[in-house]
Structure formats: structure tokens, C-alpha cells
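Colleague: I would like to learn how to read the features of a model like this one, beginning with a single side chain and its surroundings. Could you take me through it step by step?

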Amino acid sequence: MSTFNVPKKNEVSENNQAIFNQLEKGLGFVPNLYATFAHSKTALANFLAIGNGKTSFSAKEKEVINLAVSQVNECVYCLSAHTAIGKMNGFTANQILELRAGTASFDSKLDALAKFAKNIALNRGATDPKILENLFEQGYTKGNIADAVILVGEITITNYFHRTTEVAVDFPVVAVSDILATV
């Protein structure tokens, strides 16, 4: 099997070097998964254009989707990254484990969103009508549904890319199986 290296700044296109500089300035480093997108002259910019797009969701709501979908897709890189980001957005360790399981007993609105994200990831978009109705009952709109599907697509891209490349995780590592013991 072919292995993927994490390219260094001097090994990528000039456009990607500029993006690396922006990431270093904003995040303090270039995450390995982002750097690996830079094997392509266009993939990193294209991916970041999706990720930096406007959405109707708060940072916390985005992490609900990221955690639930990454657990379904069993992506250790994204689970590790979004566990750290989830903590930065105010979720506790137990809340993060719950979100990974696709629930949020601590907040009915986030619970509806977690269930929705898990459901569409498991069923490749075929949403259970009861789960969809619960979203509307919790105050989400048709516009929120459109934004949620885009966010599911965005995290699925990184889940699949890491599962393909298996580059080193550069966040505190969490185990995919951690959630199994809590459910």
C-alpha cells in the first residue's frame, strides 16, 4: 500500500505555501491533514473555501455535527481534533462523549441536531422523518437543514481523507472505541 507523507511548506505549490502561512498565523501550525491536502495544487484551497463559508450554526453546533459524524465514520484524526475544539467551545469531556454517540441529554436543541447528524451519516442522507420533525420542533429551519448537510459533507471529506491517508494525528489522540464503553 502506498503511504502518504505530510508535505513540508517547501514541498508544495506557491499557492499552498501562502495558505500554510495563513494557517500558521491563524492556528499556530498547519494540521497534518490540511498539509496532506496540499499534495494537490487545488484541494487545500477548495476544502478551506467550504470550511470558511458562512453558516447559520454557532461554533458549538458545528462541533455537535463534527463529533457525531466523525464517530459514525470512525475517524480518529477528526475525533481527536474536534474533541479538542469542542472543549475550546465549552463542552465537557462527558458531553463530548455523548455528542459522539449522537445525543445531548444536557440540551434538547443540540440533542435534536446530534441525532440528525448521526442519522444522516449512518443512512447516507436518508433522514428518519421523526428525527427531522424533532429538529423543526426544536426551532431549526429548512435553511438550517441545508447548512447541516453541507457541514456533514465537510466533515465527511476529512473523515474519508484521513481514513485514506492515515497521516499522523497531531492533536491529543482519543480512541474511536472510547464511546463504545459509554453507550
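Modeller: Leaving out residues up to four places away in sequence, tyrosine 34 touches Leu23, Leu44, Phe47 and Leu48, where contact means heavy atoms within 4.5 Å. This is a predicted model, in which local features need pLDDT of at least 70 and side-chain atom pairs count only at pLDDT 80 or more, while totals for chains, interfaces and linings use all residues. Residues are numbered from 1 along each chain as its sequence is written, and side-chain values use heavy atoms, with hydrogens and water left out.

Colleague: Where does tyrosine 34 lie, and is it buried, partly exposed or exposed?

Modeller: Tyrosine 34 is placed in helix α2 (residues 32-37); helices here are DSSP runs of H or I with at least four residues, strands are runs of E with at least two, and both are numbered from the N terminus. Buried means under 20% relative accessible area, exposed over 50%, and partly exposed in between, with a 1.4 Å probe and protein chains only. At 22% relative accessibility, tyrosine 34 therefore counts as partly exposed.

Colleague: How should I read charged pairs, and how many salt bridges does the structure hold?

Modeller: Side chains of opposite charge can pair when their charged atoms come close. A salt bridge is counted when a side-chain nitrogen of Lys or Arg is within 4 Å of a carboxyl oxygen of Asp or Glu, and the structure holds two. In one of them, the side chains of glutamate 24 and lysine 9 meet at 3.1 Å, N to O. Glutamate 24 lies in helix α1 (residues 14-27) and lysine 9 in the segment before α1, so the pair ties together parts that are 15 residues apart in sequence. Glutamate 24 is partly exposed at 33% relative accessibility, and lysine 9 is partly exposed at 31%.

Colleague: What separates lysine 115 and aspartate 111 along their helix?

Modeller: Lysine 115 forms a salt bridge with aspartate 111, with the closest N and O atoms 2.5 Å apart. The two are four residues apart in helix α7 (residues 108-122), and are therefore separated by about one helical turn. Lysine 115 is partly exposed, with a relative accessible area of 31%, whereas aspartate 111 counts as buried at 13%.

Colleague: How do I describe the packing of two helices, and at what angle do α4 and α7 cross?

Modeller: Two packed helices are described by the angle between their axes and the distance between the axes. The axes of α4 (residues 59-72) and α7 come within 8 Å and cross at roughly 35 degrees; axes are lines fitted to C-alpha atoms, for helices over the stretch in contact, and angles run from 0 to 180 degrees between N-to-C directions. The crossing is right-handed, a term for the near helix being turned clockwise from the far one by less than a right angle, left-handed being anticlockwise. Among the residues that make the contact are Val64, Ile65 and Ala68 of α4 and Leu110, Leu113 and Ala117 of α7. By class, the contact has 11 nonpolar, no polar and three charged residues, where Ala, Val, Leu, Ile, Met, Phe, Trp, Tyr, Cys and Pro count as nonpolar, Asp, Glu, Lys and Arg as charged, and the others, Gly among them, as polar.

Colleague: Which residues of α6 are buried, and what covers them?

Modeller: In helix α6 (residues 93-100), Gln95, Ile96, Leu97, Leu99 and Arg100 are buried, and their cover includes α4, α5 (76-88) and α7. Phenylalanine 91, in the loop between α5 and α6, is buried with a relative accessible area of 4%. Leaving aside neighbours within four places in sequence, phenylalanine 91 is in contact with residues including Val64, Ile96, Leu99 and Leu110.
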